[in-house]
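Subject: Handing over a structure, with notes

Dear colleague,

I am passing a structure on to you, and my notes on it come directly after. Please read them with the model open beside you.

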Amino acid sequence: GGDVFDIIEGGRRYTLARKAGLTQLKAELYEGDRTPEEVGTAANQARAQMHPLDEAAVIAHRIAAGEKPADIAVRFGQSERWASQRVKLDGLCDLAKKLLRHNHLTLGGAEALTIADVKTQEAYLKKARHDWQLEAREIRNQLTRGDLPAGHALFPLELYPAEAIRRDLFSTEVWLTDREKFDELQMAALHARVEALKAEGWSDVQLVV
């Protein structure tokens, strides 16, 4: 009949076949509920590694449409954490994306930038004058300057304000950004330890900070 179909995978082969004079080609009709962009992304990934930003855009779009990262990850043969990491990359500032696409910023450097908001990312990149300032370790060091490693806390993190916890989705690092609240909870934890020692029978316990 007169049905018209979009070619999701195999466009170049179709074009070359026409140039070669072929009039019949075998094709598979996809009748699933996935978008053409997602099907094409999965096919490209299976054949050759796509650019991380292209993967990120597709995955972020599907999650925005209501799909769960775990479900998308299964279709791409990846972990749920990988899908969430790609969404983080999609949220990079435009300057970071441009530098990454033109190989002026490594993927590791781009990942390190995701621990900060878009405005902070752009401000940092505009101030960077040397290549070493775009290295992942330096970016993390600068963007977390003044923060406290969560491992220093003597109190459960559940007591600390969630909005003041900076998590790095690309590593295991966690930082605490509210120093005043940290000091308050830390002192409370120390005093609780003093009281616990007294309850154990110690006659004198001194707290030295």
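The notes below go from the whole chain to a few single places in it.

This is a predicted model, in which local features need pLDDT of at least 70 and side-chain atom pairs count only at pLDDT 80 or more, while totals for chains, interfaces and linings use all residues. Residues are numbered from 1 along each chain as its sequence is written, and side-chain values use heavy atoms, with hydrogens and water left out.

The protein has 10 helices and 3 strands, where helices (H or I, at least four residues) and strands (E, at least two) are DSSP runs numbered from the N terminus. Read from the N terminus, the order of elements is α-α-α-α-α-α-α-α-α-β-β-β-α. Of the 209 residues, 33% are buried, a word that stands for under 20% relative accessible area, with exposed meaning over 50% and partly exposed in between (1.4 Å probe, protein chains only).

Helix α6 (residues 94–101) and α8 have axes that come within 8 Å and cross at roughly 55°; the axes are lines fitted to C-alpha atoms, for helices over the stretch in contact, and angles run from 0 to 180 degrees between N-to-C directions.

In the loop between α8 and α9 lies Q133, which counts as buried because its relative accessibility is 17%. The side chain of Q133 reaches the backbone nitrogen of H130 at 2.8 Å, and, leaving aside neighbours within four places in sequence, Q133 is in contact with Y124, K127, A128, E138 and I139.

Helix α9 (residues 136–143) has E138, I139, R140 and L143 as its buried residues, and what covers them includes α7 (107–113), α8 (118–127) and β2 (165–167).

The loop between α9 and β1 (148–149) holds R145, which is exposed because its relative accessible area is 62%. R145 and T177 stand 32 residues apart in sequence and 9.5 Å apart in space, taken from C-alpha to C-alpha.

Notes:
Contact means heavy atoms within 4.5 Å. A polar contact is a pair of N or O atoms within 3.5 Å; within protein, one must be able to donate a hydrogen and the other to accept it, and residues adjacent in sequence count only if both atoms are side-chain atoms.
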